[in-house]
Amino acid sequence: GTYYENIIINKSINLVGEDKNTTIIDANGQGNAIIIVSNWVNVSGFTIQMAVHGWAPHYFGIDIFSHNNNISDNILTLNQIGIRINGNSSTISGNTIIQKIPWFDGLWGIRFSGNNNIIIDNTITKMSWDGIEFAGENNTISGNTITDSIYRGINLGYFSPIHSYNNIINNT
């Protein structure tokens, strides 16, 4: 079903939806849909939507403040920003991120600063800014399909004073 809520995950868990097309976490325009503050969290099998607000502050479908997390096989739609990572060694894979909102454009699909993150096999489309924006070291961004971004498909280091080097980038 549809769950109208804002979730804060503060312990290591596996949060698994029954079917990503019918198990929906809807932030209802009231903040971030999911905030992860604990390490070793897995989130998969959901549609995550409606993390929107006016221009600022920005709201996120999933906002991560920890390490070693796995976000896979979700649909993120109608959010200002799909996923933000403020940590290291997380894997974001197999997600579909569609951000174009009729009355407000989604800004970034995935935005992160950190090291040793793996962003693979995601489909990101219809961003008003960038499909992926990041800064950091030893990240792998591979096998993603990024289409219809107004500015850039991938933006390396624009938003951060963090130096970026030794990253692997190979996408469509």
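User: What ground rules apply before I look at residues?

Analyst: Residues are numbered from 1 along each chain as its sequence is written, and side-chain values use heavy atoms, leaving out hydrogens and water. As the model is predicted, local features need pLDDT of at least 70 and side-chain atom pairs count only at pLDDT 80 or more, while totals for chains, interfaces and linings use all residues.

User: Is Ser 66 buried or exposed?

Analyst: Buried means under 20% relative accessible area, exposed over 50%, partly exposed in between (1.4 Å probe, protein chains only). Ser 66 has 3% relative accessibility, so it counts as buried.

User: Which polar contacts does the Ser 66 side chain make?

Analyst: A polar contact is a pair of N or O atoms within 3.5 Å; within protein, one must be able to donate a hydrogen and the other to accept it, and residues adjacent in sequence count only if both atoms are side-chain atoms. Here, a polar atom of the Ser 66 side chain sits 2.7 Å from the backbone oxygen of Ser 38, and a 2.9 Å polar contact links the side chains of Ser 66 and Asn 69.

User: Beyond neighbours within four places in sequence, what does Ser 66 touch?

Analyst: Contact means heavy atoms within 4.5 Å. Partners of Ser 66 include Ile 36, Val 37 and Asn 88. Ile 36 in turn contacts residues including Ile 62, Phe 65 and Asn 69.
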